[in-house]
Amino acid sequence: LWKMAQGGDMLSMVSPPKARAQSPDQETGAQQEVGVDMIGSKRIARRVVADHGIVCALPKERYGYFGWPSIARTDDGVLFVAASGFRFDHVCPWGKSVVTQSKDNGQTWSHPRVVNNSPLDDRDCGLLSLGGNKLLLSWFSSDIRSHYEWARNAYGLSDEEQKRWEDVFATWSDEVVEKWKGSWIRTSVDGEAWGDPVRLPVSAPHGPIRLRSGRLFYLGKGHFVPGREVTNYVGAVVSDDEGKTWVEAGRVPFPDDSDPDHFCEPHAVELPSGEIIGLLRYVNKEHDRYSNFTMFQTESSDGGKTWSAAKYLGVNGSPPHLVRHSTGALVCVYSYRTEPLGNRAMISWDDGATWESDWILEDQAPPRDHGYPASVELPDGRLFTVSYQRTSAEDKNCGLVWTRWDLPGRAES
């Protein structure tokens with residue numbers, strides 16, 4: 001695996017943009033999804049001005065799958081992307097945390113470097129700039145043995161491949177699983193050397209944020225901690241010592257007619273007022289009154305101690321990643337898993353009171369597996385969004401891709 005990670009001829013890293021940028025008035029389906037959600041947000045599908053490229057891809061290799069990325073920009077302008085990489089597929093026992101970087105605003109990327117590799121499946125990498133060249137990496141490590149039967153059938157594993165999986169599982173004693181299973185962070189002073197892992201009681205794909213006070217703030221789903229019962233909650237934990245220790249702040253109340261088990265994968269952003277807005281994924285496989293792949297919104301005005309009841313947004317897509325743009329706009333990017341597949345954005349010009357949803361970032365993702373976009377703002381005001389997908393429908397593996405796009409102007413009311 002290490003030789004594969006170093007093999008430059010096997011990795012597609014140079015990212016010439018696709019010549020496909022279009023202005024919003026060129027979008028042929030500009031009025032295809034008009035509607036109003038439960039807090040009055042406008043839903044009109046339009047396309048942003050964008051170009052696209054590849055962070056990394058190993059489309060045919062046995063251990064060439066990458067997924068669930070996040071992105072951060074350090075003070076010296078370097079872009080870092082973290083993801084779960086060098087995997088067999090969406091579910092497998094070989095996931096590990098990898099980091100790649102770009103010093104030219106995303107045009108070219110370094111080879112992915114393994115920075116975390118527990119005995120379990122290391123998934124969903126969050127990444128946060130702590131100022132200077134400091135970074136914080138988050139992930140969770142999963143015991144996926146209960147998914148083996150599904151994977152064996154879904155992937156059509158050969159006898160030889162099944163033996164590989166079972167040989168790994170044979171090393172997972174109860175003691176090993178209890179030691180490594182859970183949600184984690186670790187920090188780096190330079191993106192090269194990383195400190196010891198710290199376990200947390202919550203998890204979310206894109207990890208914590210930093211508040212203006214310097215406090216680290218992590219809105220996440222309750223996660224496994226040895227000796228503690230995991231309940232179906234979304235809550236915030238905070239750290240005032242750069243992530244060494246964490247304390248619980250408060251939990252988000254859910255609507256009475258929702259299922260707490262369906263809420264997961266939240267992300268948060270702080271407003272200039274100090275109010276914190278959180279968006280939560282809702283996965284509704286029982287088909288109650290809410291749609292299956294959507295988002296709810298909650299707010300806190302006291303640093304995450306108390307939260308408003310989560311409100312249904314009615315947006316078709318999830319999970320969320322939030323940034324506050326230099327214009328003052330709140331920008332949320334999310335996966336869109338209805339044809340045409342891809343990633344979209346919703347924008348709020350009034351601190352989350354209303355949203356313009358369904359701005360199309362990319363709508364050519366091949367079927368089965370894609371999404372989890374995350375964004376940073378570039379010095380020129382454009383947004384740089386990373387996600388994962390197959391780069392062609394024939395590929396075995398997903399790779400990491402980027403979209404660089406212009407923030408649209410405020411829509412007329």
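What share of the 413 residues of the protein chain count as buried? In this predicted model, the figure is 59%. The secondary structure of the chain comprises 4 helices and 27 strands. Of the contacts between residues at least 6 apart in sequence, 57% join residues at least 24 apart.

Two or more lining residues come from each of strand 8 (121–129), strand 9 (135–142), strand 14 (216–222), strand 17 (263–270), strand 18 (276–283) and strand 25 (370–377). Strand 9 gives the largest share of this lining, 3 residues. By class, the lining of the largest pocket consists of 13 nonpolar, 9 polar and 12 charged residues.

Glu265 lies in strand 17, and its phi is near 50°, a positive value in a residue other than glycine. Most residues other than glycine have a negative phi, and most peptide bonds are trans. With a relative accessible area of 12%, Glu265 is buried, because buried means under 20%.

The second largest pocket has a volume of about 760 Å³. Its lining numbers 31 residues, with Leu128, Ser129, Val323, Ser375 and Val376 nearest the centre. The elements that contribute two or more residues to this lining are strand 4 (65–73), strand 8, strand 13 (209–210), strand 17, strand 21 (318–324) and strand 25. The lining of the second largest pocket divides into 14 nonpolar, 10 polar and 7 charged residues.

Helix 3 (residues 159–169) has a buried set made up of Glu161, Gln162, Trp165, Val168 and Phe169. These residues lie on the same side of helix 3 because they cover an arc of only 125° around the axis. An α-helix has 3.6 residues a turn, so residues three or four places apart point the same way. The buried residues of helix 3 pack against helix 2 (148–154). Asp159 and Glu160, on the other side of helix 3, are exposed.

Two cis peptide bonds are described here. The bond that joins Ser318 and Pro319 is cis, with omega about -15°, and Pro319 is placed in strand 21. A cis bond also links Glu339 to Pro340, where omega is near -5°. Pro340 is located in the loop between strand 22 (330–336) and strand 23 (342–348).

In the loop between strand 23 and strand 24 (356–362) lies Asp351. Asp351 has a positive phi of about 60° although it is not a glycine. At 35% relative accessibility, Asp351 counts as partly exposed. Another loop residue, Asp256, is found between strand 16 (247–251) and strand 17. Asp256 is exposed, with a relative accessible area of 81%. Its C-alpha is 9.6 Å from that of Ala309, and Asp256 and Ala309 are 53 residues apart in sequence.

A disulfide is a covalent bond between the sulfur atoms of two cysteines. The search of the whole structure finds 0 disulfides. Cys125 is buried, with a relative accessible area of 0%, and Cys398 likewise counts as buried, at 1% relative accessibility.

How values were computed. Residues numbered from 1 in each chain as written. Predicted model: local features only at pLDDT ≥ 70, side-chain atom pairs only at ≥ 80, totals over all residues. Heavy atoms only, no water. Buried < 20%, exposed > 50% of the residue type's maximum accessible area, 1.4 Å probe, protein only. Arc of directions from axis to C-beta. Contact = heavy atoms within 4.5 Å. Disulfide = S-S within 2.5 Å. Nonpolar A, V, L, I, M, F, W, Y, C, P; charged D, E, K, R; others polar. 1 Å grid on protein atoms, 1.4 Å probe; cavity = no way out; pocket = protein on both sides within 12 Å on 5 of 7 lines; lining within 4 Å. Points joined across faces, edges and corners; volume = space filled by probe spheres on them.
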